[in-house]
Amino acid sequence: TLPETLIFEDVYFNGFYNWTVSGQVFDYVIELGTNDTRMLTLTNQQGDTAIYGNSALSIDYNVAFQFALFPNPTQNELFLTSKSTSENLAIKIFNIEGKLLTTQSVVSENQISIDVSNLTSGMYFLNIEDENSNTTFKKFIKE
């Protein structure tokens with residue numbers, strides 16, 4: 001319902017495809033790209049083109065900002081491993097109701113130890129944020 005969307009749809013469906021005219025003929029070209037991508041180019045009778053592709057329009061989530069959490073469930077100590085080794089991290093633990101329970105700042109190493117012995121049994125969320133505001137959440141269970 002955004003005005004920009006409505007304008008685009010009008011140009012796309014009524015201009016390029018011209019749905020009101022039957023028997024439209026479109027020329028097309030299919031091209032192979034790198035990494036098994038393909039591109040389809042349609043050309044209408046007026047010479048207008050529409051290009052479609054199967055390549056990703058975004059990149060994967062920051063691969064360097066990935067963490068593994070173990071053991072899960074845990075009893076007293078939780079270990080966090082990362083591919084990144086030079087970031088300052090802010091680690092926050094939230095309970096299932098979203099209440100902030102603890103906050104700590106650490107320098108990322110290959111493995112970080114987090115003491116959870118003072119938590120009661122239940123499910124918790126670990127929020128990890130680096131100095132560039134990259135954030136991820138991990139869920140863990142305290143036995």
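Across the whole of the predicted model, a search for aromatic pairs returns 9. One of them joins Tyr12 and Phe13, whose ring centres are separated by 5.0 Å. The planes of Tyr12 and Phe13 meet at 80°, and the pair is therefore edge-to-face, the cut-off for this class being over 60 degrees. Tyr12 also pairs with Tyr17: here the centres lie 5.2 Å apart and the planes stand at 80°, so this pair is likewise assigned as edge-to-face.

The two partners of Tyr12 in these pairs were also examined for accessibility. Phe13 has a relative accessibility of 34% and is classed as partly exposed. Tyr17, with a relative accessibility of 14%, falls below the 20% limit and therefore counts as buried. Both residues belong to a cluster that ring pairs form from Phe8, Tyr12, Phe13, Phe16, Tyr17 and Phe26.

Two members of this cluster, Phe16 and Phe26, are in contact with Asn44. Asn44 is located in the loop that runs between strand S2 (38-43) and strand S3 (49-53). Its relative accessibility is 3%, so Asn44 is classed as buried. When neighbours within four places in sequence are set aside, the contacts of Asn44 are Gly15, Phe16, Val25 and Phe26.

The side chain of Asn44 takes part in polar contacts with the backbone. A polar atom of this side chain lies 3.1 Å from the backbone oxygen of Phe16. The Asn44 side chain also reaches the backbone nitrogen of Gln46, at 3.1 Å.

Notes
Residues numbered from 1 in each chain as written. Predicted model: local features only at pLDDT ≥ 70, side-chain atom pairs only at ≥ 80, totals over all residues. Heavy atoms only, no water. Phe/Tyr/Trp six-rings, centres within 6.5 Å; stacked < 30°, edge-to-face > 60°. Buried < 20%, exposed > 50% of the residue type's maximum accessible area, 1.4 Å probe, protein only. Helix = DSSP H or I, 4+ residues; strand = E, 2+ residues; numbered from the N terminus. Polar contact = N/O pair within 3.5 Å; in protein donor to acceptor, adjacent residues only side chain to side chain. Contact = heavy atoms within 4.5 Å.
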